[in-house]
Structures are given as structure tokens and as C-alpha cells.
Amino acid sequence: MSTFPNRRLRRLRKSEKIRELVQETRLSVKDFICPVFIQEDLKEPVNIDSMPGIERFPIEKVNEEVGRISDLGIPAIMLFGLPSSKDDAGSSAYDENGIVQRAITEIRKNFGEKIAIMADVCLCQYTKSGHCGIIKDQKIDNDSSIETLANIAVSQAKVGVDVVSPSAMMDGQVMSIRKGLDDAGFSDVAIMSHSAKHRSAFYSPFRSAAECAPQFGDRKTYQVPFSNAREAMREVEMDVNEGADIIMIKPALAYLDLIAESKKRFNVPVSAYSVSGEYSLVKGAAKQGWIQENDVITEILYSIKRAGADMIVTYFAKSGAEILNE
Ligand code: PBG
């Protein structure tokens, strides 16, 4: 029999309305950033085999896709480009007529401020090596790479990007980009840095989506080892000190501890990138009929929010929005 006080947690689980009142974490369409792949020299959208339900779009179709995203109430997109040519300098990444630059121009012209335009700032889709930096003497050269990253950011700022999102994991990339933007008169363009981007096996579906797999070696000399939480916090701290407006933990689901820790330690917005492998695992299991897809998507997105993410870059943005809008 019960003694006083009679502790019963089930009192607050009794009915739907009471459960709603005591709900601690809320998930909203407004939390989502939707990735968009745009490919040069494409006529029609193509499905990405490794990421069922995700497509690459030609520039002519980008406004249709952004319209669908915007109509769902999603506030932001994250652009990734697939150029038709790659070279050692990654020059198609900062070409004023590059695929991402043209997409930004189109979207801005059509949508004004109706959607926030974010763009990836990296080299791996644009270099022959498939690495996120410039190669010198068979090595990834940090300091020439961060100059190039700044050039990419400035080229995107010129056509109206709102937020640049460096994902190369070069040291000093945020500082170099901030300085480049400020010197070019773009002090109002924000930086959302992939601060603690881990060397993760969860990226492989993306690498076939974006054709950016490294042609030799791997990304161990620049991405954070998944075993090192304190090193991840040093990455975040450096980015905050270099002027990052928003920091990011990537991937999300296997790194919830780092999302929670960043939220506690730093007073900047925390974003989480739920990466391609997180998406494809769910899609693959759902296709087999092993899980309830929508319930799993909902639970994953809530967990990322509960850990402390203020926003989530996710391939579930559109389906998550549909679930939430139901
Ligand atoms: C490369 C980049 C990668 C992702 C985003 N930008 C892949 C990598 O580092 O190999 C992965 C995103 C995903 O898996 O969804 N700059």
C-alpha cells in the first residue's frame, strides 16, 4: 500500500490533454533545414539510389522544389552543388556562374526573403581529389584551403546567400571566411559552421549522392575522430571564438551527447546535421516493413531536439513536416 507522499508519475500520463500540457520538448516544422542537391547539366530531376525519396535537381527545377519546401512551412534550405567540371583548385566552387551561385540567384529572385538560403562551403564536390581541401605535395594543405573557402563564401554572398556553412574541417576556416566576408562588405552574412564534423561511416549515401568520395586516402586527417568528445568541444570552442554564429554537431543521432554538451557550454545556437546514413537506415528498414517509418522519424527528430539542438539539417525535413502538419 502507498505511503505518503503517494508518488505516481502516471497521473500526468492519464489523458492526451494532460500529456500535451507536460510535454517538455516540442518539435516544429520551423526547426528544419532542408538539404537540396542541384546538379549542373541535368535536364530532369534524378533519384538518388542510396537515399530513396531524395533527388538531385537541375537548375531549371530548383524553384519548384524550393516552393514545395516553403509551402510546407520549412524556413530554410541548405544547398549542395554538383558541378560538371572538377579541377585541382576546386574553381567551380567559387565561379560566379557556378551551379550553387546560379541556384542562389534563382531562388532569391523567386522567393525574396520567404526562405532562408544556406549553402555548403566545401571543396570535395569540386576538386579532382574529392578532398575537402587543396592538395599540395600529396597532402591536404590547410592554409591555402581556408583562403579558397573564403572565396567560395564571398562568391555565394555576392548572389544573396543568407548563411554560409563551411564543412571542410580545416583549422581556421571560420576566421578566414569571416574576414573574407567582412572585407568584401558582407558583414551581415552569417556563418553556420560544421564545427564538430566527425569522421563517420554515416556519410556514404551522401558521397554517392554528391559524387564527392575521396579519390585517395580518407578524411581522418581533418574530421574529428568519433572517440573524442573533448576534442569535439575544442572544435566548437574554436569556431565560437573565430566568430561562428551557429555551431553544428554532425552526425546527429550517434552524437547526442555532444549536442547536449555544446548546448550547456556555449551561448550560440546549436544545429545538428542528421546525415545521409541516418536517413537511409530508416528508409531501408521501413522498406522491409521492419519499422513504422513515420513513428521512427518522429522519435529520432524529437530525440535530437531533446538533446539540445535548436535546429536540424535533415533529409526528413519534408516528410517530417508532412507528419507534423497532419
Ligand atoms: C563534404 C560533406 C559530406 C557531408 C556533407 N558535406 C561528406 C563527407 O564529409 O564525406 C555528409 C552529409 C551527409 O551524409 O548527409 N563536405
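These are my notebook entries on one predicted protein model.

**Ground rules.** I number residues from 1 along each chain as its sequence is written, and I keep to heavy atoms for side-chain values, leaving out hydrogens and water.

**Overall fold.** I looked up the secondary structure and found eleven helices and twelve strands in the chain, where helices (H or I, at least four residues) and strands (E, at least two) are DSSP runs numbered from the N terminus. The radius of gyration is 20 Å, close to the 20 Å that the globule rule gives for 326 residues, so the chain is as compact as a globular protein of that length; the radius is taken over C-alpha atoms, and the rule is 2.2 Å times the number of residues to the power 0.38. I also noted that 54% of the 326 residues count as buried, a word that means under 20% relative accessible area, with exposed over 50% and partly exposed in between (1.4 Å probe, protein chains only).

**Strand β4.** I then turned to β4, residues 76-82, and found that seven of its seven residues are buried. On one side lie Ala76, Met78, Phe80 and Leu82, on the other Ile77, Leu79 and Gly81, and both faces are covered. In a regular strand the side chains alternate between the two faces of the sheet.

Which strands pair with β4? I count two strands as paired if DSSP finds at least two bridges between them. Strand β1 runs parallel to β4 and is joined to it by seven bridges, and cysteine 34 has isoleucine 77 in β4 as its bridge partner. Strand β5 (residues 116-121) also runs parallel to β4, with four bridges between them, and there methionine 118 of β5 stands opposite methionine 78.

**Backbone details.** Most residues other than glycine have a negative phi, and most peptide bonds are trans. Against that background I wrote down aspartate 41, whose phi is positive, near 55 degrees; aspartate 41 sits in the loop between β1 (32-39) and β2 (46-47) and is exposed, at 66% relative accessible area. Glutamate 211 has a positive phi too, about 50 degrees, in the loop between α6 (204-210) and α7 (229-241), and is partly exposed at 41%.

Finally, I checked the peptide bond from lysine 250 to proline 251, which is cis with omega near -10 degrees; proline 251 belongs to the loop between β10 (246-250) and α8 (256-265).

Note on methods:
This is a predicted model: local features need pLDDT of at least 70, side-chain atom pairs count only at pLDDT 80 or more; totals for chains, interfaces and linings use all residues.
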